[in-house]
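Here are a few notes from my look through the fold. Have the structure open while you go through them.

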Amino acid sequence: MSIKDVAALAGVSWKTVSNVVNDRPVVRPETRARVERAIEELGYVPNAVGRELRGGSTKVLSLVVPELANPYFARLAEQMQVQARRRGLRVSVEVSLGDREVERAHACGRTARPVDAVILSPSALTAADLADRRSGPRLVLLGESMAALPDVVHVAIDNVAAAVDVVRHLVEQGCSRILFLGAEQGARSTGGERVAGFRAALRFAGLEDDPRLLVPAARWDEAAGHDALAEVLAAGLAPDAVLCANDRLAVGALAALREAQLSVPEQVAVTGWDDLPSSAWIDPPLTTVAPDLEALISAALDAALAPSAEGAERVVPHRLLVRTSSRGGTGRSAPIGRNVGGEAPDSHVALSPEIH
C-alpha cells in the first residue's frame, strides 16, 4: 500500500496523509482520525527510507554497543528503547563486537540507513578515528571521553570520583593492600579514569601504590577475571581487597578466591562496577558502583536531540551499593558512620551531581 492509496480511501490529499504520519499539528482532529482509520484498514507502513533520502527527520536513533552478552549493555539497550518510545522515537540497536572500523562507520554516518543521531559506547574508537568527521549524525559517546572533539557529547558517571568512593569504603573497612583488577592505561578511557581515581585515593590514604597490584584482564568478563586473579595469587601476591573494573570481572575474582580457599570478605574484600541484576544474588552479594542508568539514558537522548552540535560533558549520578562482599571482615575496623550490624542488604552511598 502506498500513501496515495491511504489518501484515496480517506478522501484527502497525500500531503495531508504525510502530515498525519509525521505528526504535524496542521491537521484537524476529525481529518486526522479519518486518515488514521484508513492507515489501519490498509495496513499502510510509512516509507521511512524515502523520507530519509529527502533529508527529513528519521525519528530513528542508533545505539551502538560492543556486545549484548554483557548484561549491562543488554539492559542499556532495553531501557533506551523504553525511554525513546516515550519521546516518539525508535532505536536501532547495533553491535560493534569491538571492531574499530564498525564503530568509526557508525560515528561518521557511513551506514546503509541514515539516522538522526548515534549514541555510541566505544571500545576501540579513538579521537584520531574521528579527525576527518566533517558531517554526519549527531554523536553522543557513552562512558568514553575524547579530547579535541568539540562537536561530540560525552555522557558518563564521574569514574574518577566513583573509584575514590570505592577505595574510601575499603580503607574504612581496614583494607590496606588493594588490587585493581581490569586496569587500563590512558586517562581517556573508562578503565583509565577508574585507575586514575584508584591511584589518587591510595595516595590520599597514605597507602602504597604498588604497580604489581594494577592487574589488566584480557577481557572484562568472568573467565578473564578468574584467570587474571588466579595468576596473581599463584605468584604470591596477597591483596586484602580486590577492586574490579566491572561486576563480571568480580564474579570471576570470587571464583578464583574460592579456589584459593580465601574467604570473602573475612580475608579479601571484593567490589565491582555496573550493578548487574545478578550482583545482589551471588554469594556473597557484591558491593558495586551503580550508575543511574535512567539518568544516563535521559541525558544521552537529550544530547542526541539537541539542536546544537556543540559538544559537552554531561555527568550523571552514581551510588556505591555496599553489600556483604566488602563489609568489615575479621580484624577489620567498622566502617565510619555506618551501623554494620543493622544495615539492610543494600546500603549505599549516594553521589548525585547535577547533569550539566
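1. Start with leucine 141: it stands opposite histidine 154, which sits in strand 5. Strand 4 (residues 138-142) pairs with strand 5 (residues 152-156) in the parallel sense, over four bridges. Keep in mind that this is a predicted model.

2. Zooming out, those two strands belong to an open sheet of six, with parallel pairing and the order 2-1-3-4-5-11. Pairing on one side only marks out the edge strands, namely strand 2 (90-95) and strand 11 (313-315). On average, and ignoring direction, neighbouring strands here are turned by 20° against each other.

3. Now for what packs on the sheet. Helix 11 does, and it touches strand 1 (60-65), strand 3 (117-120), strand 4, strand 5 and strand 11. Compare directions and you get about 160° between helix 11 and strand 4.

4. The largest nonpolar core counts 76 residues, and the ones with the most contacts inside it are Leu63, Leu76, Ile119, Ile178, Leu181 and Leu229. Which helix gives the most to this core? Helix 11 again: residues 293-305, of which nine residues belong to the core.

5. Leucine 181 deserves a click of its own. Setting aside neighbours within four places in sequence, leucine 181 is in contact with Val215, Gly225, Ala228, Leu229, Val242, Leu243, Cys244, Ala245, Leu249 and Ala253. Leu229, one of these partners, is also on the list of residues with the most contacts inside the core.

Terms used
Residues are numbered from 1 along each chain as its sequence is written. This is a predicted model: local features need pLDDT of at least 70, side-chain atom pairs count only at pLDDT 80 or more; totals for chains, interfaces and linings use all residues. Side-chain values use heavy atoms; hydrogens and water are left out. A nonpolar core is a set of buried Ala, Val, Leu, Ile, Met, Phe, Trp, Tyr and Cys residues joined through side-chain atoms within 4.5 Å. Buried means under 20% relative accessible area, exposed over 50%, partly exposed in between (1.4 Å probe, protein chains only). Contact means heavy atoms within 4.5 Å. Two strands pair if DSSP finds at least two bridges between them. Axes are lines fitted to C-alpha atoms, for helices over the stretch in contact, and angles run from 0 to 180 degrees between N-to-C directions.
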